[in-house]
Amino acid sequence: DIIYTGIRTQIRKKMVIEIILAVIGIVLLFLFYMGVFKKIEFKISKLPSGDIIYTEYQGAYEKVGDEFTKMHGTLTKAGIIKEGDGCHPLGIYYDDPGKVDKTKCRAVIGNYVKRAIVVETFVKENPDFKLASVDEVKTIATSFPYRNWISFILGTIKVYPAFEKAFKGEFKEYCSDEEDSKESMIEVYKPKEIIFSFPVSSGKTSYYLTTKSI
């Protein structure tokens with residue numbers, strides 16, 4: 001009996017160890033899948049030109065997700081955007097929450113659109129929305145995989161500190177000593193990835209939209 005008890009104890013210990021290792025393996029695979037271990041690398045890129053429909057936002061950046069959801073529902077219902085049309089949503093974030101009061105942080109909640117009469121009519125009838133045409137702009141960019149809503153948090157945690165480091169290193173030439181030198185961050189939300197871009201055309205890193213006359 002003592003021998004069998006010892007064997008059972010050893011088997012239980014082995015099973016517990018195997019379960020723990022399996023759980024650790026699953027967690028690591030999940031973290032890898034989510035991009036936690038992704039190396040953030042930057043390159044000179046371009047933000048594509050196009051028409052953007054947008055609303056202006058001021059407040060805590062943590063709440064912009066609700067605004068995007070609301071905008072997507074409104075534009076879909078109006079027939080302005082459709083699934084698979086290649087018109088991606090984007091956000092332009094103008095302030096650093098670490099330096100600016102969260103309630104005063106400014107952003108643009110937007111979506112690329114294909115210019116059409118329906119878009120112009122919608123903007124005329126909905127004054128909260130504006131239409132702008134943007135030119136192609138040179139950027140320093142990187143990407144982060146999009147898996148689910150957690151990707152927005154992980155992307156911010158990994159990318160923004162890396163950008164700060166990059167501006168002090170290999171891309172130092174694009175960063176001035178002005179207070180607003182790294183003011184604008186543009187995020188384009190694609191089905192499988194989030195594109196993070198800092199505009200650097202003409203030595204400027206601020207990216208303001210100019211409303212288009214209709």
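## A bridge between β2 and β4

Tyr54 has Gly110 in β4 as its bridge partner. The two strands concerned, β2 (residues 50-58) and β4 (residues 106-113), run antiparallel and are joined by eight bridges. Strands (E, at least two residues) and helices (H or I, at least four residues) are DSSP runs, numbered from the N terminus, and two strands pair if DSSP finds at least two bridges between them.

The model is predicted: local features need pLDDT of at least 70, side-chain atom pairs count only at pLDDT 80 or more, and totals for chains, interfaces and linings use all residues. Residues are numbered from 1 along each chain as its sequence is written, and side-chain values use heavy atoms, with hydrogens and water left out.

An open sheet is formed by eight strands in the order β1-β6-β8-β7-β3-β4-β2-β5, with antiparallel pairing. Its edge strands, β1 (43-47) and β5 (130-134), each pair on one side only. From one strand to the next, the twist averages 35°.

Helix α2 (residues 64-77) lies across β2, β3 (89-93), β4 and β7 (185-189), and runs at about 30° to β4. Contact here means heavy atoms within 4.5 Å. Axes are lines fitted to C-alpha atoms, for helices over the stretch in contact, and angles run from 0 to 180 degrees between N-to-C directions.

## Strand β8 and its partners

Strand β8 is largely enclosed by the rest of the structure, because six of its seven residues are buried (under 20% relative accessible area, with a 1.4 Å probe and protein chains only). Seven bridges join β8 to β6, and these two strands run antiparallel. Within β8, Pro199 is the bridge partner of Thr139.

Strand β8 also pairs with β7 in the antiparallel sense, over four bridges. Ser197 in β8 stands opposite Ile186. Three residues lie between β7 and β8 in the hairpin that they form.

## The second largest pocket

The second largest pocket holds about 380 Å³ of space. A pocket is an open set of points on a 1 Å grid over the protein atoms alone, where a 1.4 Å probe fits, with protein on both sides within 12 Å along at least five of seven lines; lining residues have an atom within 4 Å of a point. The volume is the space filled by probe spheres set on the points.

Of the 25 lining residues, Lys46, Pro48, Val188, Lys190 and Ile195 are the closest to the centre of this pocket. At least two lining residues come from each of β1, β2, β4, β6 (137-145) and β8 (193-199). The lining comprises eight nonpolar, nine polar and eight charged residues; Asp, Glu, Lys and Arg count as charged, Ala, Val, Leu, Ile, Met, Phe, Trp, Tyr, Cys and Pro as nonpolar, and the others, Gly among them, as polar.

Definitions and conventions:
Buried means under 20% relative accessible area, exposed over 50%, partly exposed in between (1.4 Å probe, protein chains only).
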